[in-house]
Protein chains: 2
Amino acid sequence: MQSTYITKGRPSTHGDSYQLNTTTMIRHAARTYPEQEIVYRTADGGWDRYTYGESYLRICQAANALRRLGVGPGDVVGILDWNSRRHFELYWAIPGLAAVMLQMNLRLAPEDLGYVTDHSEASWILVDETLLPIAEKLAPLVPQVKGWIVMTDRPLSQISTTLTNVHHFEDLLRAEDKHIDWPMVDETSAYSACYTTGTTGRPKGIYYSHRGIYLHTLAMDSVIGMSSDDTAMLITPMFHGQCWGLPQAAVQAMAKVVLPGRYVAEDTSVLVDAMIEEKVTVANGAPAIFTPMLEYIRSLDNKPDFSRARLLSGATEPSLSLMRGFYDLTGADIIHAYGATETTPLVTVNKGLKPSLREVLSDEQTWNRKRCQGLMVSGVDFRLVDGAGKDVPFDGISQGEVLLRGPWIIEKYHKLDDDGDRFLDGYWRSGDVGTIDQHGYLKLTDRLKDVIKSGGEWISSIDMENALIAHPRIRDAAVVGIEHPKWQERPVALLVTDDGTELPLDEIHEVLKPNFAKWQLPDTALFLETLPRTSVGKLDKKSIRATYKDIYKDI
Amino acid sequence: MQSTYITKGRPSTHGDSYQLNTTTMIRHAARTYPEQEIVYRTADGGWDRYTYGESYLRICQAANALRRLGVGPGDVVGILDWNSRRHFELYWAIPGLAAVMLQMNLRLAPEDLGYVTDHSEASWILVDETLLPIAEKLAPLVPQVKGWIVMTDRPLSQISTTLTNVHHFEDLLRAEDKHIDWPMVDETSAYSACYTTGTTGRPKGIYYSHRGIYLHTLAMDSVIGMSSDDTAMLITPMFHGQCWGLPQAAVQAMAKVVLPGRYVAEDTSVLVDAMIEEKVTVANGAPAIFTPMLEYIRSLDNKPDFSRARLLSGATEPSLSLMRGFYDLTGADIIHAYGATETTPLVTVNKGLKPSLREVLSDEQTWNRKRCQGLMVSGVDFRLVDGAGKDVPFDGISQGEVLLRGPWIIEKYHKLDDDGDRFLDGYWRSGDVGTIDQHGYLKLTDRLKDVIKSGGEWISSIDMENALIAHPRIRDAAVVGIEHPKWQERPVALLVTDDGTELPLDEIHEVLKPNFAKWQLPDTALFLETLPRTSVGKLDKKSIRATYKDIYKDI
């Protein structure tokens, strides 16, 4: 353990007058690799390219333009845009002024987007021409916004909108000097703001610091091994969680950047084509995007060679068939990474086997291990704790909630005083339950709210569901913890059988016994026609628990 | 430009309660890669090995032992040791207590070592058994030292020494717990102290910060591309400039570490043999060490395969024959890196050609470019300024003094108030003069004190010397700037000819004209039998300038 109290030693001769901020990153790249390319998708669906050097001049112009509009330290500026060249420029221009870049999730309902804009006190919003309909729905809800800046290749006269006080991004830039004296932004200042989209309550504000972004960037470059020989394509939306830090990591490594603009999950062929054309070696995304990309690759007569490519996959655990499919067809390595909006997001990365395991594990064991969350990234301090907040050993068996702290891990939510249940001893409570084995690999087993707390021990609901579904007659299964007067909670199994008939409890226990202790077995099994699910298809355990909350009440 | 004034923005939700200190690095490595190996040379010249996990337990014990002796935050603890396992342990144990590790250069004269020990107020000194004679000479000069800790595999009873208050490192460790609650060391606290060994005046103290070391480490890993697949051998002495940051870079990357203990420049075969045996992929050193290593390799019947090896070469510019020799015989890449004790030291690294130059340059141009200092490392801000402190362009022609700032660049010397001439606008003045070309490559041309300042322009003395030596009859040449009433300084050439006869000035001008402007040509040439040189063979320009200072006085 390392204390939470800071101990001062002797003064050093190397101070902190040089702050860790993103301006130093882009400036260094523009000075040292001015010729490096940034390739971007144009409004007509074609591709164009410019250089770090040219981009930096536009970044200076954009910062000068925003400053002329009155944007200064602490002001919040929102962005409604795809993964575009202008979005990339704003990633540096806004924080470079010590202002905060508000990341506006295009998928949010207008009320939620209004709440976020209002809560962050955003004063200006930049909007891509194609997203004007969202801005127009939002405008009436956010009267404090001073004005809108439309980003388009067309002249302002050709833009029709109901927005008022509208500026034209390109016109603003043209009027500005290509040079700026940047402020030395204090490193604990907010760089960007992103709001969580939890299922309960209002979105919660996460204000990333320059310091956290800077250190996250270095960690990411180190763990991926990025250099100027790489080409990074940003697939993850730039409007959420700063695109998982890949734009900054690419610039810091002085890699070539590919910005695919707007693409839709229904047709990801544009991403695969760009990977081939621009020889992409690093990209980030979720299985929901990589899966249709793989389908498209399957349809190609000539399979592309992506053997240098590292595809960072987040959001959910990638399936074995996805990882193997990419590897077998193209040589690309799907790398499972774990994190959350609160963690910037990098927490673990599963780059594959450690040297010490390479000659020990079979091919099947290797692939299975590649599915788990992987090794903690250096710079993130971590604990696994049980329900009483006590540390559990890293033995690959003991489950605990993952606690995290570090420069890019949240320390408090923005303007939220009652967030105490999300923090413990200075660590952020991830709400994820898992194990860490003796090799250091994290494997998540459940969400804390879904884990069943029985007699002081934890039972993974997901493990039990997977075991139950293995029974030939069980088609669907949910296991939830229901309040119990003696044991705190006891597992209840909700099952859907093939033919709608019930199974005796003994037979259910038989299928579980190989993997569960006797005290873990459910005392109750209920048989339903279907299980309640949320709009995105996840088991709705909240509603299940509410429905059956009184089962054990009178025992 | 980026201001020197710090501008605060909006508060972030990611603070700085988690400090950048070296404890988090070693702790993470021990938790995530406990099985990774550290290979070390034993007192009898053999080799042994243990793991990060085992090393960490000894580090905890060492910290507990020092704490029990009264070492706490701000205290200074000196080390007299080779590149040993125990030295490696102390690299983490001492700074982990918020104490300062004093790096004691074994090559210093006892008086200088005494001055350094006294100036830093060191309270304890750890000394390897083989270095007791140095400690015994030092002891009478440093009465404030509370005690000495001898590091040896033998029992204390077998050690004969005139030192008083002597402890035994291994005995101390054995008595301690293998667990410690580390303080959270404030990141601006001093991590280690190293004193410059300038030719003029007393040694000057450089107190590195945890923050600077941490960020230097990340930069180094990023630029070398280090990972757990690497094996790093520490050739540079660990008693100076924290071994150029390689111990920390190796741990942060969780690479295997090789500690060659004591080796002598006269027989570097042990280093080559260890490279072969342990499959070393990264090492650091100076041409003075790499040259005899190459000679030994030439003598081997079977040339080793070092094709994965990156050999970081500092101190002086490596010769073309050294770089080509290593590459042709073993495949190893000698990487020229530039820095100073004040800069931790990484400033530039010449990893080879940027992607944009690879297909443009010929083989000869490529090798020539590999000799220069290379590209600035991200995290270091730099300027080139002329004699008036005005920035000169990065055109590959304009010369300027290299100014540096950044988290691992010195901001002031320890307890030295009159160091104003070493700093300009918050930048450290390196005293090195060079050019930066449009591709970002730094090429040093001279030391500022040796550059000839004539009529507001600079003339590189080294360039002119190299041009003069190309004349078939000139065997040795020195060019110095001598004070001139009209031109500030004018170049004077001191020459040694093959046969001792003089050359007409016209002929000297002829050989210079292809590379120098007319106003740059020396007005005076003097012929000597030999040129004055320092004890290490460098031209003694200070004495030359003193001898001829009045040449132009009465013009």
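Predicted model: local features only at pLDDT ≥ 70, side-chain atom pairs only at ≥ 80, totals over all residues.
Student: Which domains is chain A divided into?
Tutor: Domain 1 covers 16-209, domain 2 covers 379-447 and domain 3 covers 452-547.

Student: How far apart are the C-alpha centres of domain 1 and domain 2 of chain A?
Tutor: Those centres lie 33 Å apart.

Student: And how many residues are in contact there?
Tutor: In chain A, 7 residues of domain 1 are in contact with 6 residues of domain 2. The two domains bury about 590 Å² between them, with 59% of that on carbon and sulfur atoms.

Student: How many salt bridges across that interface?
Tutor: The rule finds 1 salt bridge between domain 1 and domain 2 of chain A. K415(A) forms a salt bridge with E121(A), and their closest N and O atoms are 3.3 Å apart.

Student: Which element gives the largest share of the domain 1 side?
Tutor: Strand β11 (residues 205-209) of chain A does, with 3 residues on the side that touches domain 2. By class, that side of domain 1 has 3 nonpolar, 2 polar and 2 charged residues.

Student: Switching to chain B. Where is T330(B) found?
Tutor: T330(B) is in helix α11 (residues 320-330) of chain B.

Student: Buried or exposed, and why?
Tutor: T330(B) counts as buried because its relative accessibility is 4%, and the cut-off for buried is under 20%.

Student: What does its side chain reach?
Tutor: The side chain of T330(B) reaches the backbone oxygen of F326(B) at 2.7 Å. A polar atom of that side chain also lies 3.0 Å from the backbone nitrogen of A332(B).

Student: What is T330(B) in contact with beyond four places in sequence?
Tutor: Those contacts are I297(B), P304(B), D305(B), F306(B) and S307(B).

Note on methods
Residues numbered from 1 in each chain as written. Chains lettered and ligands numbered in written order. Heavy atoms only, no water. Domains from an automatic or database assignment. Contact = heavy atoms within 4.5 Å. Buried area = accessible area lost by both parts, 1.4 Å probe. Salt bridge = Lys/Arg side-chain N within 4 Å of Asp/Glu carboxyl O. Helix = DSSP H or I, 4+ residues; strand = E, 2+ residues; numbered from the N terminus. Nonpolar A, V, L, I, M, F, W, Y, C, P; charged D, E, K, R; others polar. Buried < 20%, exposed > 50% of the residue type's maximum accessible area, 1.4 Å probe, protein only. Polar contact = N/O pair within 3.5 Å; in protein donor to acceptor, adjacent residues only side chain to side chain.
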